[in-house]
Amino acid sequence: MKYEFRFPDIGEGIHEGVIMKWFVKPGDEIKEGDSLAEVETDKVTTEIPSPRTGKVLELMAKNGDKINVGQVFITIDTSDGAEAEVTKEVVEEETAGVVGEVIASSEVIPPSTEVIVQSAKSETTKVLATPVARKLAKDLGVDINNVIGTGPNNRVMKEDIYKFKDELETKAIQQHKVVQDKVSSTNLPVNEPITVSDDRIERIPITRIRKTISDRMTQSRFTIPHTTAMDEIDISKLVEFRKKYKDILREEDINLTYLPFIIKAVIVALKKFPEFNASFDMEKEELIFKYFYHIGIATDTERGLMVPVIRDADKMSILELSKAIQDVSIRAKENRIDLGELKGGSFTITNYGSIGGYFGIPIINYPESAILGLGRIVRKPIVVDDEIDIADILPVSLSYDHRIIDGASGARFINVLKDLLSDPDMLFLRA
């Protein structure tokens, strides 16, 4: 009747979390699916549901404690009349990516055509791995064929994939250190560290999400040689178009912003210049072109910057995009976004104009190859046919990976945006 619920693998390569708040206490009667606790991971804060109905016996950690995947999280009296049993859960074979769901290990790998496949060309075999391990490798961006398996018959285990991923990240850190050493060798003045005794300062531990943001920004900045192109686009006709329909659509609870139009224009440009919808595999010296258009929307939240992804944005209408943007933006700010919605983007758009910014130098969302920054739309004078006119101007900043994208391509990409956003009719013809 005693059931030990171990902290589950919630996917995304997350090994641990911090308990922010328990929702239950010993003695509470709970039902399967009830929220047990709020746990902060590297990427999101999520609630862990109970896998069983019963009475809470013991909480195995306190608020603020770190807990690792596989560690006993809580014990529950299932009161089902069965013999006393302590359930042993093997994390390796569980269903991946499902919060709170823990399934006992199977000793036998399910039959699958993926297991061993002879290649007609190379006469080599695919690695042996469970579907769970394959999904994990895919989620982490790891080519499972490069991972050395340590399981039975050289099966690739989840830990092998984590180890391989860690080794790749170690290499990236070493490259980062080389860059730092070069910076240090310039003998630039270094700020003195702040002494602990100074009572005019306050030290606050950063959250795990903030650390993740910090790591990702550092990785991007010191791995990718950024360059940024800036321009201004006359969107006066688009402003008139939106003004004509926004109140009508508001009655349908649709907030028509400029972002869906910009996404449509961006996708046309990405199809014309696919290197902006790509990644650079330094190790294999290959470009990875992506023929899907999963657009990340950088969203300012109280917990830090989050980038929910609008998947297959090219298949959506303007109204569908409006609804999708509205939905993920609200849920990100309310911390109700799923982990899966934060991964797999191919290109990112950040809109600092919504808080008053004009030009910026956005940092690329690694390992993507480019990011578009949008500034605040302003009315300003421009020269048209030697006459002064007043126009609605959208400032844009396009940062891109200068290893694989030349400056001329950056200018051409922005020119496509200018052609489409300055003429809504042309946008609807091309998009």
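Which residues is Leu372 in contact with, leaving aside its neighbours within four places in sequence? In this predicted model, the partners of Leu372 are Ile262, Val266, Phe347, Thr348, Ile349, Thr350, Val396, Ser397, Leu398 and Leu417. Leu372 also belongs to the largest nonpolar core, which holds 53 residues. Together with Ile263, Phe347 and Phe413, Leu372 touches the most other members of that core. Helix H5, residues 259–272, supplies the largest share of the core, 10 residues. A second core is separate and has 17 residues. Among them are Ile19, Val56, Ile67 and Ile76.

The protein as a whole contains 8 helices and 18 strands. Of its 431 residues, 43% are buried. Among contacts with a separation of 6 or more, 63% are between residues 24 or more positions apart.

Helix H5 also packs against helix H7, residues 407–421. Two packed helices are described by the angle between their axes and the distance between the axes. The axes of H5 and H7 come within 9 Å and cross at roughly 135°. H5 is therefore oblique to H7. The crossing of H5 past H7 is right-handed. On the H5 side, the contact is made by Phe261, Ile262, Ala265, Val266, Val268, Ala269, Leu270 and Lys272. H7 contributes Phe413, Val416, Leu417, Leu420 and Leu421. By class, the residues of this contact comprise 12 nonpolar and 1 charged, with no polar residue. Two of the H5 residues in this contact, Ile262 and Val266, are also partners of Leu372. Leu417 of H7 takes part in the contact with H5 and likewise touches Leu372.

Thr299 lies in strand E12, residues 295–301. Its relative accessibility is 4%, so Thr299 counts as buried. Beyond residues up to four places away in sequence, Thr299 touches Gly304, Leu305, Met306, Pro308, Ser329, Ala332 and Lys333.

Several backbone features fall in loops. Most residues other than glycine have a negative phi, and most peptide bonds are trans. A cis peptide bond joins Tyr366 and Pro367, with omega about 5°. Pro367 sits in the loop between strand E15 (347–351) and strand E16 (370–374). Asp253 has a positive phi, near 65°. This residue is placed in the loop between helix H4 (236–250) and H5. With 61% relative accessibility, Asp253 counts as exposed. Phi of Glu285 is also positive, near 55°. Glu285 occupies the loop between strand E10 (278–281) and strand E11 (286–289). Its relative accessible area is 69%, so Glu285 is exposed.

Notes: Residues are numbered from 1 along each chain as its sequence is written. This is a predicted model: local features need pLDDT of at least 70, side-chain atom pairs count only at pLDDT 80 or more; totals for chains, interfaces and linings use all residues. Side-chain values use heavy atoms; hydrogens and water are left out. A nonpolar core is a set of buried Ala, Val, Leu, Ile, Met, Phe, Trp, Tyr and Cys residues joined through side-chain atoms within 4.5 Å. Buried means under 20% relative accessible area, exposed over 50%, partly exposed in between (1.4 Å probe, protein chains only). Helices (H or I, at least four residues) and strands (E, at least two) are DSSP runs, numbered from the N terminus. Contact means heavy atoms within 4.5 Å. Axes are lines fitted to C-alpha atoms, for helices over the stretch in contact, and angles run from 0 to 180 degrees between N-to-C directions. Angles under 35 degrees count as roughly parallel, over 145 as roughly antiparallel, 65 to 115 as roughly perpendicular and the rest as oblique. A crossing is left-handed if the near helix is turned anticlockwise from the far one by less than a right angle, and right-handed if clockwise. Ala, Val, Leu, Ile, Met, Phe, Trp, Tyr, Cys and Pro count as nonpolar, Asp, Glu, Lys and Arg as charged, and the others, Gly among them, as polar.
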